[in-house]
Amino acid sequence: MLTVRNLHKRFGSHEVIKGVDMDVHEGEVVVIIGPSGSGKSTFIRCLNSLEAPTSGTVVIGDGAAVDADDRKALARLREEVGMVFQDYTLFPHLSVMANMCLAPVKLKRASKTQAQDTALAMLDKVGLRHKAHSFPSELSGGQQQRVAIVRALAMKPKLLLFDEPTSALDPETVGDVLNVMKDLAAEGMTMIVVTHEMGFAREVADRVVFFDGGQIVEMGPPAQIFSAPRQPRTQAFLHSVLH
């Protein structure tokens, strides 16, 4: 589903991503953990060229390498790769229904009726059908994030990226969002999740990637990473966050 080779990203003289390789298979859930400032969010933003890599290649599916300068190719890419941000990114002047229908109608050429029917079905799935005609300002943070997730799903992406989706939420609402993500994983959605939620990583991930200093320090199944990490830096990080 995803192939990343020798990915680098610089901001001026500062190299944030330092030669990362990664493969993600269809239906796999990969969770990226690591300290703040380690390059996790920059890396995930490079996967759909929200940040253009300085060098290296990103290939989605069996297509060509992503070219950040090719606008048509980027548009096609972003139809196949959905992204959920930490700050919801809902359009504040549009209702929940309008937020969800905008991209399917404009980009997928869905009819308004089709888009609305799909939106209602997805809102049902996350318990928010009754909020279809509300505006983002009328929703809690957790409700907004659940809408953001199903808005991304409305484009029927092959791959869904999450950039710390619970970091802006009150503790009481984190569980609602994580439950939606767990359901998606159970349904076979291919997901890459940057998160500080270690319980989610342990329970849902097929693989956990520990990121530090712009590089992958260690990668493996949750049981190995959390119970018997091999690298001293991974051991120190997990000791700090779990104790």
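## The cavity

The model has one cavity of 30 Å³ or more. A cavity is a set of points on a 1 Å grid over the protein atoms alone where a 1.4 Å probe fits but cannot get out. This is a predicted model: local features need pLDDT of at least 70, side-chain atom pairs count only at pLDDT 80 or more, and totals for linings use all residues. Residues are numbered from 1 along each chain, and side-chain values use heavy atoms, without hydrogens and water.

The largest cavity holds about 50 Å³ of space, a volume filled by probe spheres set on the points. Its lining residues (an atom within 4 Å of a point) are Lys125, Val126, Val150, Leu153, Val180, Asp183 and Leu184. Five are nonpolar, none polar and two charged. Helix α6 (171-186) and helix α5 (141-153) each give at least two. The largest share, three residues, comes from α6.

## Aromatic pairs

There are two aromatic pairs, meaning ring centres within 6.5 Å. Planes under 30 degrees apart count as stacked, over 60 as edge-to-face and the rest as tilted. Phenylalanine 43 and phenylalanine 211 have centres 5.5 Å apart and planes at 35°, so this pair is tilted. Phenylalanine 43 lies in helix α1 and phenylalanine 211 in strand β8, 168 residues apart. Both are buried, that is, under 20% relative accessible area with a 1.4 Å probe.

Phenylalanine 210 and phenylalanine 237 also form a tilted pair, 5.0 Å centre to centre with 35° between the planes. Phenylalanine 210 is in strand β8 and phenylalanine 237 in helix α9, so the pair ties together parts 27 residues apart in sequence. Phenylalanine 210 is buried at 0%; phenylalanine 237 is buried at 6%.

Methods. Phe/Tyr/Trp six-rings, centres within 6.5 Å; stacked < 30°, edge-to-face > 60°. Helix = DSSP H or I, 4+ residues; strand = E, 2+ residues; numbered from the N terminus. Buried < 20%, exposed > 50% of the residue type's maximum accessible area, 1.4 Å probe, protein only. 1 Å grid on protein atoms, 1.4 Å probe; cavity = no way out; pocket = protein on both sides within 12 Å on 5 of 7 lines; lining within 4 Å. Nonpolar A, V, L, I, M, F, W, Y, C, P; charged D, E, K, R; others polar.
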